[in-house]
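User: I'd like to learn how to read a few features in a structure. Could you walk me through them?

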Amino acid sequence: MRSSCVLLLILLCFVSCRSVKEITESRRDLPNITEGKLFKNIISNELDYNTIYAKKVDLSLKDNKNSHSLKAILRIQRDSFIWVSVSASLGVDVARLLLTPDSVKFISPREKKYFVSDYSYFAERFDVGLTFDCFQRILTNQFFDFESCTTEAVRGKRYKFDKSGNDYVLYSLEEKALGRKLKKLYKKRRKNKEFSLVLQKIHIDPDCFRPNAVSIEDLEEGVGMSVKYKYIKDFGGKLFPGKITFNVFSDNDNWEVILNFDRLEFDVEVSPNFKIPSKYKRMY
């Protein structure tokens, strides 16, 4: 799961606006609902947008030893691109990322290096099947799971359905065949495994029918990752989280990315300002 740090550094988001109304956390007992009705509510309550512009994102990166506070800007053109710019104190440019449906591009101005690939990079190097649609859904608080991400794939998947506290919960417990990279990882840990017992949970907020927590964990190895959405707010008629937290965890390590958002705008003109200088060296 160490490779999931790559995912954490890519997953950046946003949000905030003028009139803010938080959804109350104290709720009555959850009404009974069928799984089919739940999915209908999830689909009908998905965020309706063409573009998203987050001019100011407070970004905190933490591991077992260090913590870094950064700033970020996010621009999303639905089904077209996700553009992120990250800066340190005094406005020093740290990184820029551009995701499109068929490419991943990254530049590091401080190192004067760049990276270009398609999404097969994640599968070949890290055994993580990620697509543009997956990133887009995670960053816009839409329904996803870590294995399929897309609504079309999820419709045919069978979950167990329950209520937990204030949430509806969809979960699955499955034995998964390990890919080449993960087999190598387990071999290094002196566990010659062919399969992994994977638990995935998706918590759904019963007020807005949006995910408020999604997690996946290898129960035997105690490694996994999660995304949590907090402070769902009304931003000019559109509901969105004021905070997103990403975690990657194992027995010995823990990485956390905390995103707090400000100055969010919907459906304004956005463009991907991304150029690779000719003097930069390519990373492989």
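Analyst: Let's start with cores: a nonpolar core is a set of buried Ala, Val, Leu, Ile, Met, Phe, Trp, Tyr and Cys residues joined through side-chain atoms within 4.5 Å. Buried means under 20% relative accessible area, exposed over 50%, partly exposed in between (1.4 Å probe, protein chains only). This is a predicted model, where local features need pLDDT of at least 70, side-chain atom pairs count only at pLDDT 80 or more, and totals for chains, interfaces and linings use all residues. Residues are numbered from 1 along each chain as its sequence is written, and side-chain values use heavy atoms, leaving out hydrogens and water.

User: How many residues are in the largest nonpolar core?

Analyst: In soluble globular proteins, nonpolar side chains tend to be buried together. Here the largest nonpolar core has 59 residues, and I82, L99, F143, I204 and L259 have the most contacts inside it. Its largest share, six residues, comes from strand 13 (residues 254–266); strands (E, at least two residues) are DSSP runs, numbered from the N terminus. Another core, apart from that one, has nine residues, including Y53 and V270.

User: What is the nearest side chain of opposite charge to R75?

Analyst: A salt bridge needs a side-chain nitrogen of Lys or Arg within 4 Å of a carboxyl oxygen of Asp or Glu; Lys and Arg count as positive, Asp and Glu as negative, with His and the chain ends not counted. R75 is buried without a salt bridge, and E265 is the nearest opposite charge, 9.6 Å away. Still, a polar atom of the R75 side chain lies 2.8 Å from the backbone oxygen of S271.

Conventions. A polar contact is a pair of N or O atoms within 3.5 Å; within protein, one must be able to donate a hydrogen and the other to accept it, and residues adjacent in sequence count only if both atoms are side-chain atoms. Helices (H or I, at least four residues) and strands (E, at least two) are DSSP runs, numbered from the N terminus.
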